[in-house]
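Please walk me through this structure.

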Amino acid sequence: FKYIPIWNAQIAFRDFQALSGVVKSPWVGLKNFSDFVNSYYFWELIRNTVFYSIGKMVFSVPAAVFLAIALYECRVYWLRKTVQTMAYLPHFLSWVIMYAILLAILSPSNGILNDIIKAFGGEPVSFMTDTRYFPWIVILSDMWKETGWSAIIFLAALMGIDPTLFEAAGVEGASAWQRVRYITLPAIQPVLVMVILLRLGTVLDAGFNQIFMLYSALVYDVADIIDTYVYRIGIQKADYSFSTAAGMFKSVIALVMILIVNFVAKKTGNEGIW
């Protein structure tokens, strides 16, 4: 499923014609890549894709670290387990279900949030089709869905800390914040760097399933990312060569980003991916 289809990726360099097949379709070189880079939507797609990827990382990673530390420090067993379950649960819900939940909250006609706004005399807001609010809905809904699951890896790293370090800090009179600052955070730094490395490597992968479920034509200018554009051009308009070139462009950028970030991580004294 990963490597055999690479053979068919050569249609990015061809004018693919279904009746002729992959090999017999005319060779056009880098024309499809040139058409994509010079297209009207190119910079808009790059801007939206990078914005959502970086935005999700900036909000979700610190939230996951905070949740992991809070769960680790919690000494009330039933509370810790309850919060863990509630935080992990959204990860197992599909974006179809998440969209239904968001619609129940944000719908301008009968959404809970708009009912509150109307109760205070305000006018209902169409959050899902307003370009001012849509980007934040994407970022915050992703944080809500994935923070609990992302916290697992940090919680596992925290479980590996030697308890005697905290005991020694307590004897020396260190406060809870000082224990977190000087013991907990340095202990999970290698894991944190690894997570950031992997997230930066997929900086052009902004989450097709989420965007596809939430967006509409009214918010294309702030919602359209490379993956949704590839879907519309490749699947709906059957321009397979152009959409394959766009997808390959994204993959090449991802590879370059991983190489650069891994190199920088090692130069700064951290462990890289390899």
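How are α12 and α13 oriented to each other, roughly parallel or roughly antiparallel?

## The α12 and α13 pair

α12 and α13 are roughly antiparallel to each other. Their packing angle is about 165 degrees, and their axes lie 8 Å apart. Axes here are lines fitted to C-alpha atoms, for helices over the stretch in contact, and angles run from 0 to 180 degrees between N-to-C directions. Angles under 35 degrees count as roughly parallel, over 145 as roughly antiparallel, 65 to 115 as roughly perpendicular and the rest as oblique. α12 passes α13 in a left-handed crossing. A crossing is left-handed if the near helix is turned anticlockwise from the far one by less than a right angle, and right-handed if clockwise.

On the α12 side, the meeting residues are Ile226, Asp227, Tyr229, Val230, Ile233 and Gly234. On the α13 side, they are Tyr240, Phe242, Ser243, Ala246, Gly247 and Lys250. By type, the residues of this contact divide into seven nonpolar, three polar and two charged. Ala, Val, Leu, Ile, Met, Phe, Trp, Tyr, Cys and Pro count as nonpolar, Asp, Glu, Lys and Arg as charged, and the others, Gly among them, as polar. Contact means heavy atoms within 4.5 Å.

## About the model

This is a predicted model, in which local features need pLDDT of at least 70, side-chain atom pairs count only at pLDDT 80 or more, and totals for chains, interfaces and linings use all residues. Residues are numbered from 1 along each chain as its sequence is written, and side-chain values use heavy atoms, with hydrogens and water left out.

## The whole chain

The protein chain has 13 helices and zero strands. Both kinds of element are DSSP runs, numbered from the N terminus: helices are H or I with at least four residues, strands are E with at least two. The C-alpha trace spans about 75 × 55 × 30 Å along its principal axes.

Of the 274 residues in the protein chain, 39% count as buried. Buried means under 20% relative accessible area, exposed over 50%, and partly exposed in between (1.4 Å probe, protein chains only). Take the contacts in the protein chain between residues at least 6 apart in sequence: 64% of them join residues at least 24 apart.

## Helix α12 in its surroundings

Helix α12 covers residues 226-236 and is mostly covered, with eight of its eleven residues buried. Those buried are Ile226, Asp227, Thr228, Tyr229, Val230, Arg232, Ile233 and Gly234. The buried residues of α12 pack against α2 (31-37), α3 (42-73), α10 (208-214), α11 (220-223) and α13. Just after α12 comes alanine 238, with a positive phi of about 60 degrees.

Serine 241 sits in helix α13, which runs over residues 240-267. Is serine 241 buried or exposed? Serine 241 counts as buried, at 4% relative accessibility. Its side chain reaches the backbone oxygen of arginine 14 at 2.7 Å. Beyond its neighbours within four places in sequence, serine 241 is in contact with Ile11, Ala12, Arg14, Asp15, Phe16 and Asn32.

Alanine 18 belongs to the segment before α1 (21-24). Alanine 18 is exposed, at a relative accessible area of 63%. Along the chain, alanine 18 and tyrosine 240 are 222 residues apart, yet their C-alpha atoms are separated by 9.5 Å.

Isoleucine 139 is part of helix α7 (residues 134-159). Isoleucine 139 is buried, with a relative accessible area of 1%. Apart from neighbours within four places in sequence, isoleucine 139 is in contact with Phe51, Tyr52, Gly55, Lys56 and Phe59. Proline 124 is 15 residues from isoleucine 139 in sequence and 22 Å from it in space, C-alpha to C-alpha.

Serine 141 also lies in helix α7. It counts as buried, at 3% relative accessibility. Not counting residues up to four places away in sequence, serine 141 touches Trp95, Met98, Leu102, Trp136, Gln210 and Leu214.

## The α5 and α6 pair

Helix α5 (residues 95-106) and helix α6 (residues 112-119) pack at an angle of about 5 degrees, with axes 3 Å apart. α5 and α6 are therefore roughly parallel to each other. Ala104, Ile105 and Leu106 of α5 make the contact with Ile112, Leu113 and Asn114 of α6. These residues divide into five nonpolar, one polar and no charged.

Conventions: A polar contact is a pair of N or O atoms within 3.5 Å; within protein, one must be able to donate a hydrogen and the other to accept it, and residues adjacent in sequence count only if both atoms are side-chain atoms.
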